[in-house]
Amino acid sequence: VELDLETDIHVLRATNVEVLGNGRPLLDPTTLSVRTGEVVVAVGEPGHGHTALALALGGRLRVDNGTISLDELDNDVRALQRMVALVDVPGVSEPDGAVPLDTIVGEEMSMAGLRGSRGNVRRWLEGQGIEELAEHRMDEIPASIRTRVLAGLAACREGVRFLILVLP
């Protein structure tokens, strides 16, 4: 997907976002901002906060305090879900480790509105230079390749402008 970053600038912002679970913090108050074309790394203590932040930014988890805004529109869940892709988030969007790479690529191509036929999958894998990994289980794929494949295909989804990865 080619974007003109001069005219297609969007801003995703979390302001004092807090998520509670059973009255206890899953995500302590967090503030961050990212524009299309930028890479932002949010670092936190091990625990549920990483996933809670990803889900909140993607419009998939209600925040208890604070706001998530996209282009100055606060808590527009539909816009967040359309423009934010959660990539390989543990327990949420991670592919099953026992499933072969070519099957996952076909599914991701279909989600991106591309034809996920065997031939198209094979050609896509060849274009990435990883055709020899086609039948390998996802849990056997090196992390750098796994992240590149899943993020690259998520970026092809119509309307997606932000990719969120958790513990890549």
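Me: Is glutamate 108 buried or exposed?
Reply: This is a predicted model, in which local features need pLDDT of at least 70 and side-chain atom pairs count only at pLDDT 80 or more, while totals for chains, interfaces and linings use all residues. Residues are numbered from 1 along each chain as its sequence is written, and side-chain values use heavy atoms, leaving out hydrogens and water. The relative accessible area of glutamate 108 is 12%, and under 20% counts as buried, over 50% as exposed and in between as partly exposed (1.4 Å probe, protein chains only). Glutamate 108 is therefore buried.

Me: Which residues is glutamate 108 in contact with, leaving aside its neighbours within four places in sequence?
Reply: Glutamate 108 lies in helix α3; helices (H or I, at least four residues) and strands (E, at least two) are DSSP runs numbered from the N terminus. Contact means heavy atoms within 4.5 Å. With neighbours within four places set aside, the partners of glutamate 108 are Leu150, Leu153 and Arg157.

Me: How do α3 and α5 lie to each other?
Reply: Helix α3 spans residues 101-111 and helix α5 spans residues 143-155; they pack at about 20°, with axes 9 Å apart. Axes are lines fitted to C-alpha atoms, for helices over the stretch in contact, and angles run from 0 to 180 degrees between N-to-C directions. Under 35 degrees counts as roughly parallel, over 145 as roughly antiparallel, 65 to 115 as roughly perpendicular and the rest as oblique. The relation of α3 to α5 is therefore roughly parallel.

Me: How many charged residues does the contact of α3 with α5 have?
Reply: From α3 come Leu101, Ile104, Val105, Glu108 and Met109, and from α5 come Val149, Leu150 and Leu153. Ala, Val, Leu, Ile, Met, Phe, Trp, Tyr, Cys and Pro count as nonpolar, Asp, Glu, Lys and Arg as charged, and the others, Gly among them, as polar. Seven residues are nonpolar and no residue is polar, and the number of charged residues is one.

Me: How do α3 and α4 lie to each other?
Reply: The axis of helix α4 (residues 118-128) comes within 9 Å of that of α3, and the two cross at roughly 105°. In α3, Leu101, Asp102, Val105, Gly106 and Met109 meet Asn120, Val121, Trp124 and Leu125 of α4. The two helices are therefore roughly perpendicular.

Me: Which helices do the buried residues of α4 pack against?
Reply: The buried residues of α4 are Gly119, Val121, Trp124 and Leu125. Just after α4, glycine 129 has a positive phi of about 75°. The buried residues of α4 pack against α3 and α5.

Me: How many of the residues of helix α1 are buried?
Reply: Helix α1 covers residues 49-57 and is largely enclosed by the rest of the structure. The cover over its buried residues includes β1, β2, β3, α2 (77-83), β5 (84-87) and β6 (162-165). Among the buried residues of α1 are His50, Thr51 and Leu57, and the count is nine of the nine.

Me: What is the bridge partner of glycine 21 in β2?
Reply: Strand β1 (residues 11-21) and strand β2 (residues 24-35) pair in the antiparallel sense over eight bridges; two strands pair if DSSP finds at least two bridges between them. They form a hairpin with two residues between them, and asparagine 22 in the turn has a positive phi of about 55°. Across from glycine 21, the partner in β2 is arginine 24.

Me: Which residue of β3 stands opposite arginine 13?
Reply: Strand β3 (residues 65-70) pairs with β1 in the antiparallel sense over five bridges. Opposite arginine 13 stands serine 69.
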